[in-house]
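Colleague: Please take a close look at the strand pairing in this model, and then continue to the helices.

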Amino acid sequence: MQRPRYATIADELGLTKSMPASADQFEWRPGRGSGQSPTVFLGLGPEPDKLPEWFDLPPDKPVLYLESQAFMDQIDGYAARVPAHFIHISPDEFTAPLADRARAARYLPAHRAFPSFFAPLTARLTLGGHSRTRLERTVWLPCGDADLLIAELTAAFTAKGYSVRHIDHEALGKHPGSVLPDLLREGVPDLFFSINFKGLDHYGLACALLREAGTEVGVWLVDNPFNVLPSVRSGYWRDVRLFVTDHSFIGPLIKAGARKVTHLPLAAAPALLDGTVLPDHARDLAGKLVFVGRSAFPDRDKFFAGETVGDEARALVLGDTGTRRYDYHWWRDRLGVDALWPGNAGRAVGAGAEFASRAWKFRCLEAAGRITVFGDDGWRGLANPDADLRGPLDYYAHLPAVYREAAVTLNVTGLQLPAGLNQRNFDVWCAGGYLITDTHPGLSIFPPELTDPIAYARPEEIHDLVIRHREDTRTRRDLQRAWRECILRDHTYDNRAETILKTMRL
């Protein structure tokens, strides 16, 4: 039996998709209005002339429809095949009262191919014209049980007078069409604030539902944006208010179509840094240099599966003894990758940056001399006989106490975020410790009189820097005090919450 031939189109990401022409490709929703409900099609499919027969639509009763222009342009003879009693309406004409009354049909293949057009219509259809209670001064944070930054943001928004609710991001991301309407019936928050698109599905329906209900949506890209965006299958993100920890990605995001991007670095949460205790494997740190961190981000090998770094590039990175930073932007230029979204071209760039990050961290830890390293087993390959390797630390229960106890904490910045600061840049000083760090563009948010004394450009500078700063001198105490005052004044999560709320006009 010969398989049926389907029309094919390029979807909004440029991927080829089949558009089956059959009645079972339509999903119907009965009208909720009294009396005769108008019939509305959200997408007609590639053979609109067959719809009256498939669905017993009399020719004397008008049928309304909405259609993606990109879809219509790709179907030969589309306009001529639309029945005469079908009336094309614009998205603005598909009002909430109409959506609430309508007997509606959705042509699902087109909804999956052009979600930027159809998701807002589906959201209006789903929510209808019902009135909903506003939850005054309320923020929803989609998250998992052990997610970082949730405690910090919860405390910060609460300090600004907002109630905060944690929403299970997995259920929301997988089933937005069923989970969100139930949540919104309980009340509509002012702000839905996502970290790295958690709680937002790939095709933008969750975002559309929230906006239809009157909720502002913000996304904080804490990690490299172009390591996060490949999972997004719709252009809806371009209209979302984005925040980035690394300001060097603002330009690339705008080039990729983003319309609203704001720099929002990480920060400190002073209240969470008090009351911590040293674990048993960290009770002898007085006078010592320590480093705390992972040798690779979780599931790194899975994330970059199939990507390789060429021999020439590997040799260049491993053989370099200068101050060049082989960061994400360097790899993008080297590989000649222009479009970072849509598609996976950016994965090769990220794989290169990750290789260089590992090499940079190992160089620094190997040049540091006597150093205590807290982390995973990936550090066991260090070629430093003076490195004391110990197990990981609990971020909230133990880490601040380690920072306070050690003489100096070493920071080595990864290269996925060329100008991104990590938590150490804030937490060490705020916990009462002392940091030395590699120099990079992200430090520009601090005054140079604070960063210049504690920054190194080459791994070979680390040892002398530690010798210079580990003793309890007046100069050291003055610098510690100045750093702490700077962070408490300008770089707490309360400051960041204020930026978020002001930017979102809340």
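Modeller: The order β3-β7-β4-β5-β6 describes an open sheet of 5 strands with mixed pairing; strands are DSSP runs of E of at least two residues, and two of them pair if DSSP finds at least two bridges between them. The model is predicted, with pLDDT of at least 70 needed for local features and 80 or more for side-chain atom pairs, while totals for chains, interfaces and linings use all residues. Residues are numbered from 1 along each chain as its sequence is written, and side-chain values use heavy atoms, leaving out hydrogens and water.

At the edges of this sheet stand β3 (26-29) and β6 (86-88), each with a single partner strand, so one side of each has no neighbour in the sheet. From one strand to the next, the twist averages 25°. Strands β3 and β7, by contrast, run antiparallel and are joined by 4 bridges; here Glu-27 is set opposite Arg-106 of β7. Of the 5 residues of β7, 4 are buried, so the strand is largely enclosed by the rest of the structure (buried: under 20% relative accessible area with a 1.4 Å probe, protein chains only; exposed: over 50%; partly exposed in between).

Since 5 of its 5 residues are buried, β10 is largely enclosed by the rest of the structure. Leu-191, Phe-193 and Ile-195 point one way from β10, whereas Phe-192 and Ser-194 point the other way. In a regular strand, side chains alternate between the two faces of the sheet.

Turning to the helices (DSSP runs of H or I, at least four residues), α7 (residues 150-159) and α22 (residues 493-503) pack with their axes 8 Å apart, at an angle of about 65°. Therefore α7 and α22 are roughly perpendicular to each other (65 to 115 degrees; under 35 is roughly parallel, over 145 roughly antiparallel, the rest oblique). The contact (heavy atoms within 4.5 Å) is made on α7 by Glu-152, Leu-153, Ala-155, Ala-156, Phe-157 and Ala-159. On α22, Tyr-493, Asp-494, Ala-497, Ile-500 and Leu-501 take part. The residues of this contact divide into 9 nonpolar, no polar and 2 charged.

Finally, helix α16 (residues 345-367) contains Ser-357. Ser-357 counts as buried because its relative accessibility is 3%. Apart from neighbours within four places in sequence, Ser-357 is in contact with Gly-414, Leu-415 and Gln-416.

Methods
Axes fitted to C-alpha atoms, helices over the stretch in contact; angles between N-to-C directions. Nonpolar A, V, L, I, M, F, W, Y, C, P; charged D, E, K, R; others polar.
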